[in-house]
Each structure stands twice: as C-alpha cells, then as structure tokens.
Amino acid sequence: MSAPDADLAHLRGWIGREETHLAEVTEDLVARFHATLDRPGSPPRRGEPAPRLIHHCLSPQTVPTATLAEDGHPQRGGFLPPVPLPRRMWAGSTVRFHRDIHVGDAVERRSSIADVSLKQGRTGPLCFVTVEHALSVDGERAISERQDIVYRGAEDGAPGKSAPTTAPGCHTSAVEPGAPLLFRYSALLFFAHRIHYDRRYAIKVERYPGLVVHGPLQAVLLMNFAADLHGAPPDRFSFRSGAPLFDDGPFTLNADESGDGLALWTAGPSGAPAMRAEAGWGEALRGAA
C-alpha cells in the first residue's frame, strides 16, 4: 500500500469520535504494578497517591479473544479508525498531571480522536492517529494526555540504519528486560500484542531480533527514574519512541539536567538512544525531541 491508496478523507471522518470509560484504581492493581516494576518498599494503600502512569492500565479494551487480529490487537474500526496498514505502535505521549489520583479512586477517562494524518516514511507510508485523553475523579481533572499512535507497513521489524551512539547521561541505571517483565507488563495492560511475549511470532512474522520492550513500559521506567532523582514525580512528562529495544540485552535509563527539569532517554546495548523523554516540575515542557 502507498500513501495515496489510503482513503484519508474516510479515516479523518473519525476525528471527533469519543468514548468514555470508568475504572477503579484498586489496591490489587497497584500492588501488581508495584511488583512488576520492582519498586522499593510497600505499594501504596487505599487513600494514598497511586503511582504515576498507572492510568495506562485502566479501562483496557476487553474484546473477546476469538475476535483479536493475528498480531493480538483488537480488530480495526470502532473507536480507532480502520487504518489499512498492518503494524501499529504507540509512538509517544505528552502527559500533564493536574493532581494525584489515589488508590480507591473511580477514574473517568474521556477519549477523543484529535487528528489523522498520512506521511511517507523511509520504509513506506505511515499513518498517525492522535488521541486526547482527559481523566477525572469526581468531576475534577486529574490527568491530560495527548497520545500518538503510528501505523506502518509490514516491512522487516529489525532496525535499519543504526542510530548514532551517544554518551551516557549524567545519571544512568541498567535494566534487564527479561521475558517475565514484558509478559507481566502486557498482563497489567490486558494487552495481547504478540511482539511483547510471543518470541516465535516476533521473530518469524514481524522479523524482530527478539521480544520488543513496550514503549509505555520504557516511559514508566523513565518516569520513575526522574522521580527518584528529583525526589518527587514530575508534573509534566513527554516521551517519544525513536527505535525499538529488545530483550536480547540490557538497556540503560539516562538523565541529564535540562533547565528546571530532566532530559531522559533509554539506550540499547550499543548506546544508541531508543526513547527520549522530558520531565518537568511546575513549568510547561518544551516537548520531547
């Protein structure tokens, strides 16, 4: 498929489409999130602030298993437009935390399609779908998120030209992305995308060299790294994926001081950046590069 083959006018007909979900931040979910990420100490209890980015685990799509597509995603259409490109990935997000959500809160998430656009990438057409999420508790806004989803063709999943290696950050921490971590995080999201847990599918069908580390998992690891370095979680957090990471070797979390915030990134075994992020406290972010 080439970019002109897509009926952009039809896909843009999804702009403005909305959906609303309500979900409770349960103690059990918080405990599983805490354990999956190997956070120190005891998990927060009812009435205490919930971990940042746990909202990604709320209100997952609960379609029947028999209706999933070959890659494990729900079938196209419905809330998201039926983009006719086979590969779908979470490209990045910009998140603002207006207030804490607490363990035990009932969180309402209102989502809307903000934009649909087509671009021609290095390996073929790309379709970007932008979704805006507003999360609230008892009618009070708690979190705003602008999420970018990218669809692409079925070219090899293995990286092409290697990204330039960069020096480690002033602050670094190593992560071993074993299959149990990836499987547990998929389970938290109720997310069946097979590239994260089905090694044979990831290698034989999508032609990756191993299991793929989730973009939002990298984001929450960088978020926690920023919070640990600063002594408090950021008010604003932006992240964008640049290259995939795999479970075939350790990767690092990196951070440099940047104005009154932190510039963060993950880097694979070669030292090439994979995801870039920016954390800010108080002032607005400039946006992740």
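Which residue forms a salt bridge with glutamate 206, and how far apart are the closest N and O atoms? The partner of glutamate 206 is arginine 87, with the closest N and O atoms 3.3 Å apart; a salt bridge is a side-chain nitrogen of Lys or Arg within 4 Å of a carboxyl oxygen of Asp or Glu. The pair links distant parts of the chain, 119 residues apart: glutamate 206 is in the loop between α4 (199-205) and α5 (215-230), and arginine 87 is in strand β2 (residues 87-97). Helices (H or I, at least four residues) and strands (E, at least two) are DSSP runs, numbered from the N terminus. Glutamate 206 counts as buried at 3% relative accessibility, and arginine 87 counts as buried at 10% (buried means under 20% relative accessible area, exposed over 50%, partly exposed in between; 1.4 Å probe, protein chains only).

The model is predicted, so local features need pLDDT of at least 70 and side-chain atom pairs count only at pLDDT 80 or more, while totals for chains, interfaces and linings use all residues. Residues are numbered from 1 along each chain as its sequence is written, and side-chain values use heavy atoms, with hydrogens and water left out.

The count of salt bridges comes to 15. Among them, aspartate 148 and arginine 240 meet at 2.7 Å, N to O. Aspartate 148 lies in strand β5 (residues 140-152) and arginine 240 in strand β7, so the pair ties together parts 92 residues apart in sequence. Aspartate 148 is buried at 14% relative accessibility, whereas arginine 240 is partly exposed at 32%. A further salt bridge joins the side chains of arginine 99 and aspartate 105 (3.6 Å, N to O). Arginine 99 is partly exposed at 21% relative accessibility, and aspartate 105 is buried at 16%. Arg99, Asp105 and Glu140 are linked in a network of salt bridges.

Strands β2, β5 and β7 belong to an open sheet of 10 strands with antiparallel pairing, in the order β1-β3-β4-β5-β2-β7-β10-β9-β8-β6 (two strands pair if DSSP finds at least two bridges between them). The edge strands, each pairing on one side only, are β1 (18-24) and β6 (171-175). Strand β7 (residues 236-241) pairs with strand β10 (residues 273-280) in the antiparallel sense over 6 bridges. Within β10, alanine 279 is the bridge partner of phenylalanine 237.
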